[in-house]
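Work through these exercises with the model open beside you. Try each task before you read its solution.

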Amino acid sequence: VILFIIAHNNAATGFTFLSNDIVNQFASQDSFKCTTMELHDKHLKDDPGYEKRLQELELLTKKYIANRKPSDTAIVKVPVVVHIIYNTPYQNISNARIQSQIDALNRDFRRLNWDTSNTPVPYKYLGADTRIEFVLAKRDPWGNPSIGITRTQTSVSMFIFNDAIKFTAQGGNDIWDRDKYLNFWIGNIQYYGAYTQLPGYYPETDGAVMHYIYFGSVGTTLSENSKGRVAVHEVGHWFNLQHLWGISNCGTDYVDDTPTQFAANFHCPVFPVITCNNGPYGDMFMNYMDGTSDDCRNMFTIGQRDRMSAALYTYRSGLINSEGGIPVSGLTIAHFRSDRMSVNFGQSINFIDESGGIPTNWQWTFEGGVPSSSNQ
Ligand code: ZN
Ligand code: CA
């Protein structure tokens, strides 16, 4: 099989885009592409009020960071809804895989990841626990029990870069109130794309879109993006983080403790990578807001944490008291997760109840297991 791949390099972002007519199921599955800033550019052109709102948000952010309250270090659990928009059964990814993505978000946002030791020594002191956690919603916006996952079969075989996936009328699924939920839309996105709406644009489209191949950390076939960190990057954007290089070469991300860098890094370079006079330690390519592989990225900084806190405690503060993560009584929806997805013979697995509604009794069966059933 011979694949012809034509690519051009976007000078502004460093990201590589496959040209339209040769995208296929085999090309470039391991090249993570985030088009958040392209969307941002589009919004600057199509919405005359956007730039002014961004300036206001920037002022609000600065003001928040200067006056941050000590109590704002409480752990906040953000209710999440994952809209699965599938055209083929393969795209209709499993609950277990979705849960593995939530687990990966919690791991990395709390700096509980296994690879903090890979943060280079000069940058280690900047590694931050953001105090933000994520939980699949337990109720929908209309007060019904939910497991925080919607599934929509669509006739759209591939979603182009136009947000159709966010609208029921266009083959996607309508947003759940962005003031109470973080919305993901997962589907077959053109160019294996992933992008997030930065704060400041319209509420009807305020969430993250990702190609299904990147979502989750179990059941993916990728080598470079199999740890759930494309979503970590995208949620960083949702909390107002920009790429480390901003919107131009040696641009700013409005965070002081991330060094200025020329453009995106890919795969996993050797430390240090010096650009834009940022020596001796160079680019922070192990930061989630770079473009490197999942095995290479392992940190948010304190400055990024503060910027995300500013978003959470000001214009995204509806999330803090959202009832989206609180179960409601009524019809229950059976749902559980396990602490691991494969074991050697003789090892144990813990199953954790995550049912929607308020269940009053349980019946588990484990064929061939010890025990083989349980009411706990
Ligand atoms: Zn990005
Ligand atoms: Ca910076």
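**Exercise 1. A buried serine**

Which backbone nitrogen lies 2.8 Å from a polar atom of the side chain of Ser-100?

Solution. This is a predicted model, in which local features need pLDDT of at least 70, side-chain atom pairs count only at pLDDT 80 or more, and totals for chains, interfaces and linings use all residues. Residues are numbered from 1 along each chain as its sequence is written, chains are lettered from A and ligands numbered from 1 in the order in which they are written, and side-chain values use heavy atoms, with hydrogens and water left out.

Step 1: find Ser-100 in helix H3 (residues 95-109). Helices (H or I, at least four residues) and strands (E, at least two) are DSSP runs, numbered from the N terminus.
Step 2: look for the partner. The backbone nitrogen belongs to Ser-217. A polar contact is a pair of N or O atoms within 3.5 Å; within protein, one must be able to donate a hydrogen and the other to accept it, and residues adjacent in sequence count only if both atoms are side-chain atoms.
Step 3: Ser-100 has a relative accessible area of 7%, so Ser-100 is buried. Buried means under 20% relative accessible area, exposed over 50%, partly exposed in between (1.4 Å probe, protein chains only).

**Exercise 2. A buried glutamine**

Find the backbone oxygen that lies 2.8 Å from a polar atom of the side chain of Gln-197.

Solution. Step 1: go to the loop between strand E8 (193-196) and strand E9 (208-211), where Gln-197 is found.
Step 1: the backbone oxygen is that of Tyr-202.
Step 2: Gln-197 is buried, at a relative accessible area of 0%.

**Exercise 3. The zinc site**

Name the residues that coordinate the zinc ion (ligand 1), then work out the arrangement of its donor atoms.

Solution. Step 1: list the donors. They are Cys-34 (SG), His-233 (NE2), His-237 (NE2) and His-243 (NE2), at 2.0 to 2.1 Å. Donors are N, O and S atoms within 2.8 Å of the metal (3.2 Å for Na, K and Ca); water is not among the atoms, so sites may look incomplete.
Step 1: check the angles. The 4 donor atoms subtend 99 to 118° around the zinc ion (ligand 1), so the arrangement is tetrahedral. Four donors count as tetrahedral if all angles lie between 85 and 135 degrees.
Step 2: read the spacing along the chain.
Step 3: His-233 and His-243 are buried.

**Exercise 4. The calcium site**

Which atoms coordinate the calcium ion (ligand 2)?

Solution. Step 1: the donors are Asp-253 (OD), Val-255 (O), Thr-258 (O) and Thr-258 (OG1), at 2.4 to 2.5 Å.
Step 1: the donor residues of the calcium ion (ligand 2) follow the spacing D-x1-V-x2-T in sequence.
Step 2: Val-255 and Thr-258 are both buried.

**Exercise 5. Backbone geometry**

Is the peptide bond from Phe-271 to Pro-272 cis or trans?

Solution. Step 1: read omega. The value is near -5°, and the bond is cis. Pro-272 sits in the loop between H5 and H6.
Step 1: inspect Gly-279 to Pro-280. This peptide bond is cis too, with omega near 0°. Pro-280 is in the loop between H5 and H6.
Step 2: turn to phi. Asp-163 has a positive phi, near 70°. Phi of His-267 is positive as well, near 55°.
Step 3: Most residues other than glycine have a negative phi, and most peptide bonds are trans.

**Exercise 6. Salt bridges**

How many salt bridges does a search of the whole structure find?

Solution. Step 1: the search finds 20. A salt bridge is a side-chain nitrogen of Lys or Arg within 4 Å of a carboxyl oxygen of Asp or Glu.
Step 1: examine one of them. Asp-47 and Arg-53 meet at 2.5 Å, N to O. Asp-47 is buried, at 5% relative accessibility. Arg-53 is partly exposed, at 28%.
Step 2: take another. Glu-323 bridges to Arg-139, with the closest N and O atoms 3.5 Å apart. This pair links distant parts of the chain, 184 residues apart.

Terms used: Four donors count as tetrahedral if all angles lie between 85 and 135 degrees; four count as square planar and six as octahedral if opposite donors are over 155 degrees apart and all others between 65 and 115; anything else is irregular.
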